Amino acid sequence: MPLLSLVIVSSCDDTETYAEQRDRENSAISQFLRDSSITVIDEDQFREQDYTTNLENNEFVLMQNSGVYMQIVREGHGSPIENGETTTVLCRFTERNLLTDSIQLSNEVLAFASIPEKMSVTNTNGTFSASFDQTSSLMYTYYGSTSVPSGWLVPFSYINLSRHTADDAIAKVKLIVPSTQGHQYASSGVYPCYYSITYERGR
């Protein structure tokens with residue numbers, strides 16, 4: 001399988017304002033929602049559904065504070081990250097740039113199958129922070145930063161983590177992450193990303 005190439009989007013026009021870039025980004029998100037037949041629910045409905053999203057209806061919840069759209073495919077076995085706890089989390093992910101409709105990065109392909117994304121995550125009174133491990137991180141290798149995109153942290157309030165569980169028991173989410181909640185290249189290029197991510201407790 002050929003290696004994936006990294007696609008970074010820069011401003012198409014040096015005179016384009018940030019507001020125009022954000023409009024372009026929002027249009028890309030709206031188009032993706034339509035093309036994917038996604039049903040958007042609000043946080044009130046999400047809460048009424050016991051913090052689940054209906055997969056048959058292809059539901060994504062829009063998190064108002066961040067602008068992240070989230071679908072919980074599997075909440076996972078095990079337990080959530082407790083208040084005051086710091087733990088290692090292993091991830092498998094695919095990142096798609098919604099402006100170019102292209103896969104930018106993935107460790108779910110044969111070439112990178114032996115490299116799970118590894119990060120250290122801390123829960124401080126319900127606020128999560130995290131950093132990538134430089135020795136096992138495609139995100140760090142390609143984007144040059146240990147900072148975990150804020151959008152990746154949104155699911156931790158709603159999923160459980162365990163070690164060495166069957167693939168169908170590992171927490172899995174799908175996310176639409178706007179540039180304001182993405183990595184530094186998404187932020188500077190003002191483009192949204194779509195992610196499929198699994199989360200598993202590491203050692």
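Predicted model: local features only at pLDDT ≥ 70, side-chain atom pairs only at ≥ 80, totals over all residues.
Residues are numbered from 1 along each chain as its sequence is written, and side-chain values use heavy atoms, with hydrogens and water left out.

Grid points are joined across faces, edges and corners, and a volume is the space filled by probe spheres set on the points. The largest pocket has a volume of about 320 Å³. Its lining comprises 14 residues, of which S66, G126, L153, V154 and S157 are the closest to the centre. Helices (H or I, at least four residues) and strands (E, at least two) are DSSP runs, numbered from the N terminus; in these terms, β7 (127-132) and α4 (150-153) are the elements that give two or more residues to the lining of the largest pocket. For the composition of a lining, Ala, Val, Leu, Ile, Met, Phe, Trp, Tyr, Cys and Pro count as nonpolar, Asp, Glu, Lys and Arg as charged, and the others, Gly among them, as polar. On this basis the lining of the largest pocket divides into five nonpolar, eight polar and one charged residue.

The second largest pocket holds about 170 Å³ of space, and its lining consists of R74, L90, C91, R92, P116, D167, I170, T198 and E200. Two or more residues of this lining come from each of β4 (86-97) and β9 (193-201), with β4 giving the largest share, three residues. By class, the lining of the second largest pocket has four nonpolar, one polar and four charged residues.

C91 is in no disulfide, and the nearest cysteine sulfur, that of C193, lies 15 Å away. With buried defined as under 20% relative accessible area, exposed as over 50% and partly exposed as in between (1.4 Å probe, protein chains only), C91 counts as buried at 1%, and C193 is likewise buried, with a relative accessible area of 1%.

Strand β4 also takes part in several pairings, two strands being paired if DSSP finds at least two bridges between them. Nine bridges join β4 to β9 in the antiparallel sense, and within this pairing T94 has S196 of β9 as its bridge partner. Strand β6 (residues 117-124) runs antiparallel to β4 over six bridges, with T86 opposite T122 in β6. A further four bridges join β4 to β5, again antiparallel; here E95 stands opposite L105 in β5, and N97 stands opposite S102 in β5. Strand β5 (residues 102-106) is mostly covered, four of its five residues being buried.

Residue N97 lies in strand β4 and is buried at 0% relative accessibility. Its side chain joins that of Q104 through a polar contact of 2.9 Å, a polar contact being a pair of N or O atoms within 3.5 Å; within protein, one atom must be able to donate a hydrogen and the other to accept it, and residues adjacent in sequence count only if both atoms are side-chain atoms.

The hairpin of β4 and β5 has four residues between the strands, and D101 in this hairpin takes a positive phi near 50°. A positive phi of about 50° is also found at S37, although S37 is not a glycine; this residue is in the loop between α1 (18-35) and β1 (39-41) and is exposed, with a relative accessible area of 55%. D50, which is not a glycine either, has a positive phi of about 60°, lies in the loop between α2 (43-48) and β2 (59-63), and is exposed, with a relative accessible area of 61%.

Note on methods:
1 Å grid on protein atoms, 1.4 Å probe; cavity = no way out; pocket = protein on both sides within 12 Å on 5 of 7 lines; lining within 4 Å. Disulfide = S-S within 2.5 Å.
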